[in-house]
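Trainee: Pick out the charged side-chain pairs and take me through them closely. Then place them in their surroundings.

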Amino acid sequence: MNLSTLRRWLWPQTSFQGKIFMAFGLITFLSIVSVTAIVYVNMRETIKHNAVTSVSDSIRQADESLNVMLEEIDRLNTVVVTNKNTVINTIMSPNEEPSYEWFLEQKRITEYLSGLIQYKPYISRMAVVGLNGKVFFTGGPWMDRSVLGTPMLNYMLHNGSRHAYFKPEGTADAITVGREIRYNRETVGIVMVDLDYDFIKKTYGVKPTADSMLYVLDEQNGYVYQSESAPSSYAPPLDRIVQIKGKLAGDNDVVEQKINGRSYIVVSRHSEYTGWSTLALIPLDSLLSESTRIRNLMTEVSIIVFIVILIGSHQVSSRTTINIRRLRSMMMQVKDGNLSFPRTEIHSKDEIGQLYRVFISMVDELKRLMEGIRLSEKKKREAELTALQAQIRPHFLTIR
């Protein structure tokens, strides 16, 4: 297909009105498509940016709020492990249950622990566990010497030189913060504070969409918190979460990741205080569902606007070319030799009106010239006739 054929296919030899209509329609179509596409793309990017900003701010605020609570718990643990009279002496005391002296010691240390956690609703329990089997606590749930030898206590003994954070497996009751109690350079017990898990749920209530998922992993890549509202069919396994965590560059990193065939925006944050990592998974299809609805609405509105503009452009092109059609009709009359055609007045002051007046002037001048020629020919014929008569008259006189 050569260039001329392509030009004829794209721009057929049609009327001037048709060309105006086609040009106006094509420009309108391209303008509507371009504006709709630009608005839709910018809207998608704005929604994604706002969601990422909102989630990042929410995660940061949640992390800071949790750190404030954990710092307060750490201070309480420090107060306990440095209290020799009430805590260390009670643990080291030879008094055994159920003696009266043991009862007084239990009452004193329990009241002491209760006073420490009073007006701190985010603490559900505070306990002092001696390695000799003595257990004192305030709050709930119940605790006795069966805690000895449990994974939680062993973890505290191995990691509690300062502060250790432990999330018991299979439970969502609390996060335990512990620190070992030392006397004469030997570990004699553990102080443990349970952070109420309901406060963690409220703290990490980041929900940009209904099916968003949020995970908090400890330094051993175990779950500290996992959102419960995510559908099980969508929720990725722990090893996939750990894999995503390993791909992130660092604090406040944002990436797009495909998990189980579904695209997510992953927002992360790393806590320097606890060493925990927070990952928020936002499904792109849910996040952009509103933009898809708006896109469909914009498409429908664009189609209606395009149709209205086409109708309007047809009317405009028709009104624009009506004088051209009138002028063309008069020119065809002149072409056929009719100089006395019925004239349709064109009063517009644009180029068409000027062309009409020039054309009428030319027609009038042509009529004047033709009338002059006709009169000249008439006079010429009369002169010839007179000369002929003058030649014939003497001839008849001679014959007589």
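Mentor: Start with burial: a residue is buried under 20% relative accessible area, exposed over 50% and partly exposed in between, with a 1.4 Å probe and protein chains only as cover. This is a predicted model, so local features need pLDDT of at least 70 and side-chain atom pairs count only at pLDDT 80 or more, while totals for chains, interfaces and linings use all residues. Numbering runs from 1 along each chain as its sequence is written, and side-chain values use heavy atoms, leaving out hydrogens and water.

Now the pairs. The structure holds 13 salt bridges (a side-chain nitrogen of Lys or Arg within 4 Å of a carboxyl oxygen of Asp or Glu). Side chains of opposite charge can pair when their charged atoms come close.

Take K107 and E111. Their closest N and O atoms are 2.6 Å apart. Both residues lie in helix 4, residues 100-117. Helices and strands here are DSSP runs numbered from the N terminus (H or I, at least four residues, for helices; E, at least two, for strands). K107 and E111 are four residues apart, about one turn of the helix. An α-helix has 3.6 residues a turn, so residues three or four places apart point the same way. K107 counts as partly exposed, at 42% relative accessibility.

E256 and K48 meet in a salt bridge at 2.8 Å, N to O. E256 lies in strand 8 and K48 in helix 2, so this pair ties together parts that are 208 residues apart in sequence. K48 is buried, with a relative accessible area of 13%.

E72 and R75 form another pair, at 2.7 Å from N to O. Both are in helix 2, three residues apart, again about one turn of the helix. E72 is buried, with 19% relative accessible area. R75 is partly exposed, at 48% relative accessibility.

Strand 8 and strand 9 form a hairpin with two residues between them. N260, in the turn, has a positive phi of about 55°.

Now helix 7 itself, residues 238-247. Its buried residues are R240, I241 and I244. Seen down the axis, they fall within an arc of 100°, so they line one face of helix 7; the arc is that of the directions from the helix axis to the C-beta atoms. D239 and G246 are exposed on the other side.

L30 counts as partly exposed, at 48% relative accessibility. L26, F29, L30 and V33 form a nonpolar surface patch with about 370 Å² of accessible area together. Patch members have over 30% relative accessible area and no salt bridge; like charges are joined within 9 Å, and nonpolar side chains (Val, Leu, Ile, Met, Phe, Trp, Tyr) within 5 Å.

Finally, the whole chain. Ten helices and ten strands make up its secondary structure. Of its 400 residues, 38% count as buried. The chain exposes about 23900 Å², with carbon and sulfur atoms supplying 57% of it; areas come from the Shrake-Rupley method with a 1.4 Å probe, and for residues only the protein chains shown count as cover. Among contacts (heavy atoms within 4.5 Å) between residues at least 6 apart in sequence, 54% join residues at least 24 apart. E256 and K48, 208 residues apart, are a pair to inspect with that in mind.

Note on methods:
Pairing = 2+ DSSP bridges.
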